[in-house]
Amino acid sequence: IRCGSLGRNGIYRVEPFTAKSVGCFGDDSDQRDLEYFGGERQTPITCAAICSKYTYFGVQNSSNCYCGNTYGRYGNADMTKCMIPCVANNKLFCGGNRENSVFEVH
């Protein structure tokens, strides 16, 4: 992928964020609820793109992205536990210490 060149810009179309929040859910660091680790320093927006081939994604602990096709193994958590601001954008929330803010990929 080229990103423009000297004196030129690469122009890209950005799709709107359309993922649907399904809630706040517990997690376990020994056996993750969402099995694929998508990386650190993510937001719900960037995690949605990383997890586009999965059914669900979640953000946790201010920056971690997880993807999977099922969720909820450890039950619901109170929504207030999923309100840690994202490291990459403190205007968004990125889960809790051991809780995923889970979204359905669209």
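## Aromatic pairs: a guided tour

Start by selecting Tyr66, which counts as buried because its relative accessibility is 5% (buried is under 20% relative accessible area, exposed over 50% and partly exposed in between, with a 1.4 Å probe and protein chains only). The model is predicted, so local features need pLDDT of at least 70 and side-chain atom pairs count only at pLDDT 80 or more, while totals for chains, interfaces and linings use all residues. Residues are numbered from 1 along each chain as its sequence is written, and side-chain values use heavy atoms, with hydrogens and water left out.

The structure contains five aromatic pairs (rings of Phe, Tyr and Trp, the last by its six-membered ring, with centres within 6.5 Å; planes under 30 degrees apart are stacked, over 60 edge-to-face, the rest tilted).

Next, select Phe57 and Phe103, a stacked pair with 5.0 Å centre to centre and 10° between the planes. Here too distant parts of the chain are linked, Phe57 lying in strand β3 (residues 56-60) and Phe103 in strand β5 (residues 99-104), 46 residues apart. Phe57 is buried at 0% relative accessibility, and Phe103 is buried with a relative accessible area of 11%.

Finally, select Phe25, Tyr56 and Tyr71, which ring pairs link into a cluster.

Conventions:
Helices (H or I, at least four residues) and strands (E, at least two) are DSSP runs, numbered from the N terminus.
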